[in-house]
Amino acid sequence: MQRRLGLLGRVNLLAGGELESLQERHDFLARELDDVKKARRDLLEVIRRIEDEIVETFAAAYRDVAAEFERPVMLFSGGKDSIVMLRLAEKAFHPARIPFPVMHVDTGHNFPETITYRDQWAAKLGVELVVRSVEDSIRQGRAKEERGPGASRNAQQSVTLLDAIREFGFDAA
């Protein structure tokens with residue numbers, strides 16, 4: 001028996017206390033995890049309520065615009081703001097289509113993924129997509145390209161935008 005006990009090796013006399021400490025730590029972490037899960041559920045509910053309010057506000061604003069204007073258009077830049085607005089428009093008019101065209105004034109400096117996203121969303125939503133190019137405005141002599149460090153096409157976008165508004169008869173953007 002002595003030999004068999006020796007084969008077991010050293011016995012941790014503090015194991016009982018360590019187990020109790022580990023159990024307390026486990027229980028604490030389990031309570032923390034429950035708190036995080038509850039906070040997540042609460043946060044998602046707040047986000048849902050805010051989104052519902054924004055969607056209703058957007059739909060009401062569009063109804064006001066539609067009452068005042070004959071041919072509104074929604075501008076799309078490809079940035080976060082435009083993506084959010086497009087999503088809100090989709091939700092505001094669901095299950096119907098978005099009842100106004102979406103216009104993108106393409107600077108020619110967009111990431112290819114932006115153009116792919118724009119085209120996929122327009123197709124998915126069945127929205128009329130109007131695309132006009134700053135590059136075309138420059139080629140037609142309607143806009144002049146800036147050169148050098150810090151050159152931008154922001155000013156040229158205005159020319160392209162105003163031309164498109166006239167071309168399509170948009171009266172609100």
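**View 1. The outward face of helix α4 carries exposed residues.** On the face of α4 turned away from its buried side, you will find the exposed residues Pro-112, Glu-113, Gln-120, Ala-123 and Lys-124. Keep in mind as you look that this is a predicted model. The helix α4 is built from 14 residues. From first C-alpha to last, α4 reaches 20 Å, close to the 20 Å expected at 1.5 Å a residue. Just after α4 comes Gly-126, which takes a positive phi of about 65°.

**View 2. Now for the buried side of α4.** Which residues of α4 are buried? They are Thr-114, Arg-118, Trp-121, Ala-122 and Leu-125. Looking down the axis of α4, you would see these buried residues fall within an arc of 100°, so they line one face of the helix. And what covers them? The cover includes helix α3 together with the strands β2 (102-106) and β3 (129-133).

**View 3. The largest nonpolar core has 18 residues.** Start with Leu-86, Ile-98 and Phe-100, the residues with the most contacts inside this core. Three helices, α2 (15-68), α3 (80-93) and α4 (112-125), each supply at least two of the core's residues. Which helix gives the largest share? That is α3, with 5 residues. Apart from this core lies another one, made of 5 residues, and among them are Met-103, Val-130, Ala-164 and Phe-170.

**View 4. A close look at Ile-98 and its contacts.** Leave aside the neighbours within four places in sequence, and see what Ile-98 touches. Its contacts are Leu-86, Ala-89, Glu-90, Phe-93, Leu-125 and Val-127.

**View 5. Phe-58 and Phe-93 form an edge-to-face pair.** The structure holds 6 aromatic pairs, and here is one of them. The ring centres of Phe-58 and Phe-93 are 6.3 Å apart and the ring planes stand at 75°, so the pair counts as edge-to-face. This pair links distant parts of the chain, with Phe-58 in helix α2 and Phe-93 in helix α3, 35 residues apart. Are these two residues buried or exposed? Both Phe-58 and Phe-93 are buried.

**View 6. Phe-168 and Phe-170 form a stacked pair.** Here the ring centres of Phe-168 and Phe-170 are 5.5 Å apart, with the planes at 15°, so this pair is stacked. Phe-168 has a relative accessible area of 24%, so it is partly exposed. Phe-170 has a relative accessible area of 6%, so Phe-170 is buried.

**View 7. Finally, the whole protein for orientation.** How many helices and strands does the protein have? Its secondary structure comes to 6 helices and 3 strands. Along the sequence, they follow the pattern α-α-β-α-β-α-β-α-α. Taken along the principal axes, the C-alpha atoms fill a box of roughly 100 × 45 × 25 Å. The radius of gyration of the protein is 30 Å, whereas a compact globule of 173 residues would have one near 16 Å. Buried residues make up 25% of the 173 residues. Among contacts with a separation of 6 or more, 69% come from residues 24 or more positions apart.

Notes. Residues numbered from 1 in each chain as written. Predicted model: local features only at pLDDT ≥ 70, side-chain atom pairs only at ≥ 80, totals over all residues. Heavy atoms only, no water. Core = buried A, V, L, I, M, F, W, Y, C linked by side-chain atoms within 4.5 Å. Buried < 20%, exposed > 50% of the residue type's maximum accessible area, 1.4 Å probe, protein only. Helix = DSSP H or I, 4+ residues; strand = E, 2+ residues; numbered from the N terminus. Contact = heavy atoms within 4.5 Å. Phe/Tyr/Trp six-rings, centres within 6.5 Å; stacked < 30°, edge-to-face > 60°. Expected span 1.5 Å × (residues − 1). Arc of directions from axis to C-beta. Rg over C-alpha atoms; globule rule 2.2 N^0.38 Å.
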